[in-house]
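Here is a short report on one protein chain.

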Amino acid sequence: MNVDLKSDVKFIGMAAFLHAAISYVKNTSIMRKKLEKNDLNLKLALIATDLPNAALIIFEDKQVAVKPLAEKDWENINKWDIKIEGDCQTFFDYFMGRLGAVRPILFRKLKTTPYLTGSLKLLKVLWFVKTSVKLFTENISLSEAMFYKFYNYGQEKRKLFSEQEGDKFGYNGKILWVDLDKMEVKEEEPDTEIYQKYLGGYGLGAYYIYNRIKPDSDPLGPENILGFCPGLLTGTTAPFSGRYMICAKSPLTGGWGDANSGGRFGPAIKKSGYDAIFFTGKAEKPVYLLIEEDNIELISASEIWGKDVVETENTLTEKYGRCDIASIGLGGENRSLISGIVNDSSRIAARSGLGAVMGSKNLKAICITGKQRLNIANKEEMMKLTKSYIKKINNKKNDFIISYFVKLAPSFARLLRLTNIHYSNFKISTLYAQFLAKIGTPFFYGIMTNVGDAPIKNYTGVAKKEFQKKRYKKMDGSYLQKYYSGSVGCYACPLRCGAKLSIPEYDIEDIDRPEYETLAAFSGLILNDDLKSILLINDYLNRQGIDTISCGGVVAFTLECVEKGLLKKEDFKCKEYPEGFLPKWNESEYILTLCKMIAKREGIGDILADGVKKAAKEIKDSKKFAIHAGGQELPMHDARLTKGLMLTYVTDPTPGRHTAASADYFLVGPGNNFLDGFKVKTGKKPKKKGKAQAKTAKFIQSFNSLGLCMFSEWCGKYPLLEMIKAITGWNLSVEDLLEIGWRIQTLRQMFNAREGAIRHDISKRAIGDPPMKKGPLKGNKINVEEMAQYYYENIGFKEDGIPKKETLEELDLDFCVSDLSDATGRPESVVNESL
Ligand code: SF4
């Protein structure tokens, strides 16, 4: 690209403001029209008219070309010899401020609101143009700096990590392998490059498990690998960074499995001196792993096997003093495919059936007492960023006006319903910060039930008809507030969204407040309005390490089987009820007993303990009532209301999860405020949803692998790049995070491709086939196939969901290429016609 720095810098400045102008005054630019007429098949063209250096800047696929032009050139525009010169995304990002300072200076000021239209908008654009011209003509040094940085960016990018060679900041540089067959432990030191490419969390987990597990392994056999992986930032003071991920091949879905939990256990792993712990093999008898400062040992678990997680934690704490523990209850011990792994007595990595994997290895618990310190690249800066962010969050939590609004929430929910306004229109980070801190996820309960987000009566009901306000209001967050007896939060969290409740009339003291998912799964989904029963069920399932979302789905399936006469009283015989019992909609009486039967695999509980998909194979004619995606029960967010969620439920490597990356979920709150330079734009059309989903999926994989809590996305701007730099010394850009996330998502997808578990079947009822005849979801049907195709196209996968060879090569996943020959996609419909 031949450009004279002194004379050509101006057109770059002009290009920046013209880009904004063109996007605001769509299709009115004469030059743009000329371009379109000439059918150049351009992705995007910017025209800089800063004469005499007018130029055409063309973005084509991933490249950018610059062509100086004069008016006469318009005649022969088709004949131009455009040379593709640079990396389009780099260039574009530069102007959008993703790599530099332009955005804060200019673009933020242009930020418009939905109410700004007509002449007001034009005035704002004119102001912007004027400011841009002033800035770029008067401030030549800034323009030069930008220009220089653009030209040198490729080189800089390669040097991003080089200063850090030999240094390990924010991580330990060691992982622990525990061979349960041989009862041996071994340390491994991953290359720095592995951290740079996969960060931590399930990024690191995916790298090691993909490379070390044999394809087609039995998920409940000794060959499965179970990884406990804290995020890269976990264990530091970075706010919201206390999460860790558990990974393995999932026995519930047959593909990649991961689950996420908070509390203190993730940081404890980092402070034990390891960045991850992986288990292989199977112990002959039940054991637990003890990691002390100078001692790592596998110890017989005979005294804790059979105990619930609270009893297990108490026993180990008595023995070792202050320690952090992750363990399984009866669910995992009995290899229930809907069981998870619990830490901090009630924080559960619930999904994907990983409790069963731990149980299958005869591993009862991990107990950590070590407290090593992590090296931090720039501790002072990390503390400064942490303090200023926490101060901001505290201001939001104490905002007086929003506080008033939070109090009015229940009546407000009704107003939303009556006016048919979606709650996601209120993208106010102060509101989200405040209600999460004050009421937690139950804040959503009344609103979600009202607007049709929480599924009613196993996806067949309408709240207004079958589960009216007088029944559901008792479960609403603001109602539960009067029983509040203390807060519960994760390590390094400025919000603490959990709580304990004490309810004298129920004779209950300091019980965990159920999360929204549990409340919805055991109320509207099964038409149960008995709050006490829900509190006790939540407590029991947490203690036994059973996923409350899946278990709620299983109970709803069972009640529908009873209603349709497929299950009879005698099918429910158990120790407590030798003659059997008959659980029904609208009755709470036997639900806890049913949950106990599931945890113990007693009677019919043995069939139900493996989830609805497997149970439907055992109970004749029941398939229609089994609501799941790829074997995993769906969360309490009905995709018939928020359609993009179905794309996540069906295409994410771990199906049926609302916490997996979802553009629509990200945008329910003010997700776009989270990070400068990262915005997601979606729309109603499948094409837009697919594209937005691909972008979100790339980002969220990095976000998760850093160990951040998803609720931080909705609390306003987070100094993410600055925090990563302060902790690790790495100079990452948003683009780097997107690339790393893309690599992680592609590797998770390749795991499933190799296992033949790519696209997950979905129950017809869940996609609105047939559509609901009444209520807020009336007539809604989801075209999941079309959305999936656009998602695959935008993330570099083929139509059948298998990653393209070029994608693998671009992402340095060459080690996966040879597996492509054995990969199996699912070209047929994902909609399960039998359901
Ligand atoms: S917001 Fe809630 S889930 Fe997230 S880190 Fe804080 S306490 Fe944990």
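## A helix across a sheet

Helix 22 (residues 531-543) lies across strand 18 and strand 19. It runs at about 55 degrees to strand 19. The model is predicted.

The sheet itself is open and has three strands, in the order 17-18-19. Pairing is antiparallel. From one strand to the next, the twist averages 20 degrees. Strand 17 (484-488) and strand 19 (508-512) are the edge strands. Each has a single partner strand, so one side of each lacks a neighbour in the sheet. Four bridges link strand 17 to strand 18 (residues 498-503), in the antiparallel sense. Val488 has Gly498 of strand 18 as its bridge partner.

How many residues of strand 5 (residues 175-179) are buried? Five of the five are, so strand 5 is largely enclosed by the rest of the structure. Ile175, Trp177 and Asp179 point one way, while Leu176 and Val178 point the other way. In a regular strand, side chains alternate between the two faces of the sheet.

Strand 5 pairs with strand 6 (residues 184-188) through five bridges, and the two run antiparallel. Asp179 bridges to Glu184 in strand 6. The hairpin of strand 5 and strand 6 has four residues between the strands. There, Met183 takes a positive phi near 55 degrees.

Strand 5 also pairs with strand 10 (residues 277-280), here in the parallel sense, over four bridges. Asp179 has Thr280 as its bridge partner in strand 10.

## Nonpolar cores

The largest nonpolar core holds 183 residues. Phe278, Phe522, Phe557, Met646, Phe699 and Leu720 touch the most other members. Helix 31 (residues 734-755) gives the most to this core, with 10 residues. A second, separate core has 30 residues, including Val178, Leu180, Tyr274 and Leu298.

What does Leu720 touch, leaving aside residues up to four places away in sequence? Its contacts are Phe674, Leu675, Phe699, Leu706, Leu708 and Leu737.

## Confidence

Mean pLDDT for the protein chain is 83. Of its residues, 77% reach 70 or more.

Two stretches call for caution. Over residues 59-63, pLDDT stays under 50, and the model has 23 contacts for them beyond four places in sequence. Over residues 74-117, pLDDT also stays under 50, and the model has 99 such contacts. Where pLDDT is low, the predicted coordinates should not be read in detail.

Conventions. Residues are numbered from 1 along each chain as its sequence is written. This is a predicted model: local features need pLDDT of at least 70, side-chain atom pairs count only at pLDDT 80 or more; totals for chains, interfaces and linings use all residues. Side-chain values use heavy atoms; hydrogens and water are left out. A nonpolar core is a set of buried Ala, Val, Leu, Ile, Met, Phe, Trp, Tyr and Cys residues joined through side-chain atoms within 4.5 Å. Buried means under 20% relative accessible area, exposed over 50%, partly exposed in between (1.4 Å probe, protein chains only). Contact means heavy atoms within 4.5 Å. pLDDT is the predictor's confidence in each residue, from 0 to 100. Two strands pair if DSSP finds at least two bridges between them. Axes are lines fitted to C-alpha atoms, for helices over the stretch in contact, and angles run from 0 to 180 degrees between N-to-C directions.
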